[in-house]
Amino acid sequence: MSTPYDSQQVKTILAERGAQVEAYLQHCLDAIPMQGRLKEAMYYSLLAGGKRLRPVLCLSTAALFGLSAEAVMPFAASLEMIHTYSLIHDDLPAMDDDDLRRGRPSCHKAFDEATAILAGDALLTDAFGFMASTVKDLPAGRVLEALASVSSAAGSAGMVGGQILDMDCTGKTDVPLETLQTLHALKTGAMFRVACVSGGLLAGASEPDIASLRAYGEALGVTFQIVDDMLDYTGVSNDIGKNLGADLREGKVTLPLLYARLHTSEENRALIDAAIRSGNGDFDKISSIVIESQAIARCKQRAEQELERGKVALLQ
């Protein structure tokens with residue numbers, strides 16, 4: 001599989017497809033009969049911005065095999081609906097307890113916890129209806145295979161499984177790198193992988209090409225998660241749409257913290273461990289340790305390796 005596009009052309013195409021997704025999402029729930037407050041909460045989170053990477057990846061991989069955006073759009077949009085549901089539920093007090101999402105109050109803060117839970121439930125459930133609706137334009141067998149792949153990636157064998165592993169690791173300081181890699185592959189990588197694979201499946205791509213898309217999606221998902229973890233220490237709150245240090249306050253060992261623990265003094269390691277256990281450490285101090293230990297540089301190197309792995313897979 002190969003592509004004739006240079007980097008600037010790719011950026012332009014991705015921006016155009018992102019705009020197409022955004023336009024579709026603006027009205028995608030209008031025809032569904034439901035209570036006004038539920039629809040308001042669903043749209044509040046669905047239209048809160050974001051990069052729309054998952055639907056864009058689905059549209060883009062389908063286009064590689066000649067399938068139009070119009071035929072794939074409901075399926076692609078469903079991936080954003082599932083992603084949005086996961087963010088709503090992640091932000092709840094029983095989960096990550098985040099008050100800010102994409103630069104504004106989380107759904108449960110803008111409405112209430114019960115409404116946020118139901119908005120997430122509805123987005124997840126309605127997403128499968130959107131996927132199934134593509135059978136009007138595409139072969140039923142392809143749609144069914146792609147739908148099943150999304151179900152697996154979003155459920156207990158994928159994103160939800162990654163979330164429970166994330167909860168199990170919270171507050172623990174001895175999380176092995178292998179466990180963290182598994183967590184990344186499930187919680188983030190699974191939906192990136194299926195975004196790439198589903199576009200190919202809908203377009204009738206060959207099994208070797210599906211394997212290449214799968215490897216590319218996995219690598220891209222891991223890269224995305226590493227960069228997201230880095231931004232918790234190097235980003236600007238208003239730019240990334242969430243409070244800096246959120247992972248540390250939640251007692252989560254991310255890759256920057258793991259690398260910092262391995263490459264700093266015993267005294268600094270003790271400070272990191274205490275912060276992870278309590279969720280109440282001095283973020284500025286921990287951030288300085290992360291930077292000085294070259295943890296961010298190591299994360300960047302790892303992200304570049306993953307991205308290169310994905311590019312190699314896609315160009316085979």
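Leaving aside neighbours within four places in sequence, Thr254 is in contact (heavy atoms within 4.5 Å) with Leu180, Asp229, Tyr233 and Asp247. The model is predicted: local features need pLDDT of at least 70 and side-chain atom pairs count only at pLDDT 80 or more, while totals for chains, interfaces and linings use all residues. Residues are numbered from 1 along each chain as its sequence is written, and side-chain values use heavy atoms, with hydrogens and water left out.

Thr254 lies in the loop between helix H12 (246-249) and helix H13 (255-262); helices are DSSP runs of H or I with at least four residues, numbered from the N terminus. Thr254 counts as buried because its relative accessibility is 5%, where buried means under 20% relative accessible area, exposed over 50% and partly exposed in between (1.4 Å probe, protein chains only).

Helix H3 (residues 53-64) is largely enclosed by the rest of the structure, because 9 of its 12 residues are buried. Among them are Arg54, Cys58 and Ser60. The buried residues of H3 pack against helix H1 (7-25), helix H4 (69-90), helix H9 (177-203) and helix H10 (207-234). The end C-alpha atoms of H3 are 16 Å apart, which agrees with the 16 Å that its 12 residues should span at 1.5 Å a residue; the expected span is 1.5 Å times one less than the number of residues. Just after H3, Gly66 takes a positive phi of about 90°.

Ile164 is in helix H8 (residues 159-169). At 44% relative accessibility, Ile164 counts as partly exposed.

Definitions and conventions. Helix = DSSP H or I, 4+ residues; strand = E, 2+ residues; numbered from the N terminus.
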